[in-house]
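Let's take a friendly tour of the charged side chains in this model. Please keep the viewer open as you read.

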Amino acid sequence: MQKGHMKNGWVTSFVLVAVLASSTPGVLAAVQQIPGLEAKGETVATASAEIGSAAFIKSGSRTVEPRIVAATALGGLELYSLAGKRIGSVPAGEAVAVDVGYDVALGSERATVVAAIDTTTQSLRLFRFADDQLQEAGARPIPLGFAAEGICTYRHPLDGGLHVFIVGDGGEVEQQIVYGTEDGKLDARQVRRIGVPSPLKQCVVDPVGGHVYAAEETVGIWRFSADPESDVAAALVDSPRGHIDEEVGGLAVYDGGSGRRWLLASNASAGTLNVYDLENDAAYLGSMSVSGQGAEAPIDEPGPLYASAVVPGKRFPQGALLVVDEDDANAKLVSIASVATALGVSRSSADAATPEAAASSVAVVMPVAETEPVASFGDAADDPAIWADPTDPEKSLIVATDKKGGMYVYDMQGQVRHFLPDGKVNNVDLRSGFRLGGEEITLVTATNRTRKSISIYRLDTAEGKLVDVADGLQSTGMHDPYGLCMYRSARDGGTYVFVNGDDVAKKQWRLVDAGDGRVRAELVRELSFDSQTEGCVADDDAGILFVDEEDVALWALSAEPDGGDAKTAIDRVEDNPAIRDDLEGVGLYDLGNGRGYLVVSSQGNDTYAVYRREGRREYLGSFAVAGDPQRGIDGISETDGLDISSANLGPGLEHGAMVAQDGRNVMPVQNQNYKIVPWQAIAEALKLEMRQP
């Protein structure tokens with residue numbers, strides 16, 4: 001934690017520890033006068049006579065009470081008992097900020113992670129707390145590249161990953177993910193960096209709301225999304241125009257269960273502590289002053305606050321506020337019950353420990369590879385198609401779109417084999433075995449929004465290139481064509497392509513050899529839906545077309561040109577809480593003999609729903625794709641298009657794979673790309689079958 005702001009000799013920091021149970025919220029009384037809070041204990045002064053911040057830390061032993069860890073500048077990190085006795089220290093450079101994270105796997109063990117900022121090298125340093133001792137466990141000091149001021153930790157609810165936010169003097173907000181290395185060390189990797197115009201002094205994360213709060217000293221309190229796979233969604237919670245006089249200092253989150261989730265902020269210029277209701281869009285609840293133990297006058301300018309989910313012992317059954325006083329170079333403890341009293345909040349004696357959050361029903365998998373980013377900025381990558389090499393699986397290919405620039409061909413390691421600048425190409429699909437000029441080729445089709453047409457290519461599988469074979473302009477007659485999928489009829493052997501546009505229409509064309517090595521599309525059918533569609537996939541064996549009506553349902557209908565317009569809803573958005581509009585990409589995993597699975601991108605909650613291909617096509621569960629910090633590959637969010645193959649695609653992908661567009665490519669932030677996820681990981685997570693190579 002950074003040094004506090006000085007005025008009249010006082011510099012302070014705060015740590016808030018939430019141990020309240022879920023309880024029925026009391027009635028908040030209006031605060032007519034500013035009440036005062038008095039410390040009920042303190043630590044001895046630090047050996048260095050300097051202190052920047054402190055936090056509670058829980059011992060791994062049930063017989064040992066929680067400890068206090070403090071950043072003491074050139075004194076490094078020091079440990080104290082709750083009675084205030086110094087019990088140990090560890091060098092940490094010039095430690096100006098510290099926060100306590102969560103358990104992370106270190107080899108065969110798990111240890112509590114302590115993260116600190118070292119300003120001698122402007123780096124993040126990582127420590128482990130075990131057996132009542134702090135030990136440096138970082139594989140290296142992680143360079144930050146800016147003047148850091150504050151630090152806060154966050155456990156990602158999807159995969160349990162430990163994230164660290166570091167805020168800086170230049171307005172930086174850097175997010176790093178911590179992970180254990182193979183040799184039992186800790187390391188971290190940058191996930192993303194955002195920023196504001198002026199210095200940030202402190203941050204804290206509300207894990208329930210999924211937000212990080214940051215104090216921009218003279219501007220106010222900012223709120224950002226803590227999830228790197230979501231919009232930043234920056235919002236100003238309070239400012240000098242609201243309940244802050246001039247400067248905001250420290251921040252902390254108190255989680256006492258339903259109705260008891262507060263954001264606390266130092267209204268430094270007024271010498272008070274503000275409290276906001278996190279269950280009511282951070283509405284202001286009241287203010288109070290803070291004084292030291294036995295002190296008559298309140299602390300002049302309260303400074304930074306930090307949060308930790310550590311029980312501070314029986315002396316503080318409702319939690320404790322840890323006040324770091326730089327002038328005395330020590331830490332003072334205030335009962336959180338005093339805060340509740342000041343706010344007029346009653347508490348039932350039946351309230352116990354905060355209950356554990358319900359376990360997520362969404363399975364989590366990780367990608368093993370990702371493609372190079374597309375060249376275009378913004379929302380550019382959209383839809384992939386997988387070609388499986390039947391003789392040498394390792395040479396399989398991915399054809400994918402840059403809807404602002406053209407078509408990519410990647411290998412299964414994600415390296416670019418070919419780029420064809422061919423306009424705003426949106427969706428793509430392919431079928432092998434198309435006879436053109438007496439030769440069987442792999443035919444690729446795509447919607448071209450620049451020419452409002454169907455682009456048609458031959459995939460040169462040996463060279464990994466696309467060759468245009470369209471018999472002139474193959475117009476769709478649509479204002480803005482973008483959804484597309486192909487179908488090979490088992491009944492007549494014909495190859496077809498379905499296209500939809502930016503309205504309710506969907507059309508079907510038969511693809512035919514036009515002579516001279518060219519392919520023509522002949523319109524054979526027109527369909528209509530009630531609202532926007534895009535994602536679709538055809539089951540060639542069963543003659544079924546599956547279509548996502550984005551806000552409504554996943555539909556099944558005949559894929560044959562004379563199949564009519566009758567359709568059956570497999571699942572509806574309004575009926576299944578596990579899926580959330582928009583429904584986007586859809587793919588088919590083929591187990592053979594008409595069996596398999598459908599996978600649908602549920603874009604509204606960044607998950608993928610799995611349905612049985614045959615029979616009643618029941619919903620089987622959902623999975624999400626989280627990042628793998630060791631590989632440096634982030635997770636997947638806001639997926640548009642995806643493709644699934646059950647073919648052997650090479651080492652690590654022997655049972656097939658899902659390739660999906662990633663709407664936010666972070667770790668670090670880059671243009672959009674595509675992620676490659678082994679089907680084996682999905683099958684094991686959801687207890688599904690795999691096709692044997």
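## Reading the model

This is a predicted model, in which local features need pLDDT of at least 70, side-chain atom pairs count only at pLDDT 80 or more, and totals for chains, interfaces and linings use all residues. Residues are numbered from 1 along each chain as its sequence is written, and side-chain values use heavy atoms, leaving out hydrogens and water.

## A buried aspartate

D571 sits in strand β45 (residues 567–572); strands are DSSP runs of E with at least two residues, numbered from the N terminus. D571 is buried but has no salt bridge, and R572, the nearest side chain of opposite charge, is 7.7 Å away. Here buried means under 20% relative accessible area, exposed over 50%, and partly exposed in between (1.4 Å probe, protein chains only). Lys and Arg count as positive, Asp and Glu as negative, while His and the chain ends are not counted. A salt bridge needs a side-chain nitrogen of Lys or Arg within 4 Å of a carboxyl oxygen of Asp or Glu.

## Salt bridges elsewhere

The whole structure holds 39 salt bridges. One of them joins the side chains of D471 and R520 at 3.7 Å, N to O. D471 is in the loop between β37 (465–468) and β38 (483–488), and R520 is in strand β41 (residues 518–528), 49 residues apart. D471 is partly exposed at 32% relative accessibility, and R520 is partly exposed at 31%.

K675 and D662 form another salt bridge (2.6 Å, N to O), and both residues are buried.

Key
Helix = DSSP H or I, 4+ residues; strand = E, 2+ residues; numbered from the N terminus.
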